[in-house]
Amino acid sequence: MTTEIKPNVHWVGAIDWNVRDFHGYSTPAGTTYNSYLIKDDKIALFDTVKKEFLSDLLHNLHHLTDPEKIDYLIVNHVELDHSGSLPEIIKLIKPKKVLTSPMGLKAIEAHFHPKDWPLEVVKSGDTLNLGKKTIHFLETKMLHWPDSMFSYIPEDKLLISSDAFGEHWATSKRFDDEVDNHMLMKHAAKYYANILTIFSPQVQKLLAQVAEMKLDIDMIAPDHGIIWRKSPGKIIAAYDQWSRQESRDKAVIVYDSMWKSTEKMAKAIYSGLVDQGVETLLMNAHVNHRSDIITEILDARAVFFGSPTLNNNILPRMADILTYLKGLRPKGKLAASFGSFGWSGESVKHLNGYIEAMGLELIDAGVKIKNVPDHEGLKLCVELGRKAGAIIMARD
Ligand code: FEO
């Protein structure tokens with residue numbers, strides 16, 4: 001099934017209704033692998049699909065053309081969800097050229113060890129004429145791989161944006177004006193939080209570069225999810241906000257508990273924060289996936305980490321979440337830790353170590369309570385919440 005997104009520009013990708021994990025990122029709504037075909041005097045295919053979806057792509061291509069008539073294959077991104085079908089597709093269509101960025105060439109060589117592919121490197125500013133349409137290439141290094149590249153077609157005001165501006169969302173609809181926009185922005189925020197938070201400085205630079213180039217864009221077609229036809233400016237503005245790591249009066253309490261003592265402490269900190277007017281989420285590591293936790297942290301001003309001490313350390317679910325967060329490097333947030341203990345009580349020290357390693361602003365030495373908190377112990381937690389709440393509200 002194909003969709004014409006602009007005159008003679010077609011979506012020919014695949015819908016993955018079943019994927020639930022994307023290298024550690026939960027995808028309860030599946031995803032799509034978007035591939036695009038331009039039929040002009042020359043025919044160009046932009047990216048492919050995950051290997052196991054090759055037949056979907058071929059079925060779509062056959063619907064529009066004899067695949068052997070495709071002249072150019074543009075590889076905007078070499079991660080395997082877009083390039084997994086390359087060897088079979090190249091064998092089948094025998095393109096005149098396979099065009100990719102300088103780092104794309106290195107990535108193709110390292111992934112596929114090609115012997116006789118007609119590879120050609122394109123750089124920012126290079127163009128490829130297809131007849132009535134032209135492809136302008138723009139390298140977008142580290143968004144989110146070194147090889148990443150945009151393709152811009154000025155005649156259509158169309159930006160084919162690789163992974164940027166996408167979401168993991170399997171749907172029979174292709175365009176932003178056809179889907180629930182609240183859901184769309186939730187999926188887009190989750191995508192940004194889990195894939196791009198670490199590259200926020202590069203996102204800022206790219207947005208400035210695109211503004212300086214004065215690219216006239218009325219459609220953004222990413223490699224995953226929905227095509228921005230009605231409101232491309234909306235996702236650009238959201239990327240600007242997310243990459244500035246702007247926060248609001250919001251706190252997230254992430255914790256795991258052994259015998260509910262640390263959970264009682266989490267609830268007491270929560271009540272202190274709410275007393276101060278802070279929107280607060282309690283996220284138990286047992287029932288919240290790491291990728292949903294980083295999504296909630298994206299616009300939070302403060303984050304609290306709680307764990308009891310287990311074997312002189314923290315509970316493993318918290319270590320999983322903290323390792324993930326540390327890798328994504330959220331910035332500009334306040335943080336504190338808490339936890340109960342039986343005899344040695346190292347959890348707060350370890351949690352504070354993660355906070356410092358992440359570069360977050362530690363606002364308190366943390367609260368540790370032996371075994372089960374009594375009213376006095378819980379009061380300390382409420383006080384931590386109130387103190388943090390006052391700082392959060394003052395940072396507007
Ligand atoms: Fe959708 Fe970076 O691959």
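Reader: Happy to start with a loop: where is Q245 found?

Author: This is a predicted model, and in it Q245 is found in the loop between helix 7 (232-243) and strand 17 (248-255).

Reader: Why is Q245 called buried?

Author: Buried means under 20% relative accessible area. Q245 has 12%, so the label buried applies. Its phi is also positive, about 55°, although Q245 is not a glycine. Most residues other than glycine have a negative phi.

Reader: Now helix 11: which of its residues are buried?

Author: They are S347, V348, L351, N352, I355 and M358.

Reader: How do you know that the buried residues of helix 11 line one face?

Author: Looking down the axis of helix 11, its buried residues fall within an arc of 130°, so they line one face of the helix. An α-helix has 3.6 residues a turn, so residues three or four places apart point the same way. The face turned away from the buried side of helix 11 carries the exposed residues K349 and E356.

Reader: What do the buried residues of helix 11 pack against?

Author: Among their partners are helix 10 (316-328) and strand 20 (334-341).

Terms used. Residues are numbered from 1 along each chain as its sequence is written. This is a predicted model: local features need pLDDT of at least 70, side-chain atom pairs count only at pLDDT 80 or more; totals for chains, interfaces and linings use all residues. Side-chain values use heavy atoms; hydrogens and water are left out. Buried means under 20% relative accessible area, exposed over 50%, partly exposed in between (1.4 Å probe, protein chains only). Helices (H or I, at least four residues) and strands (E, at least two) are DSSP runs, numbered from the N terminus. The arc is that of the directions from the helix axis to the C-beta atoms. Contact means heavy atoms within 4.5 Å.
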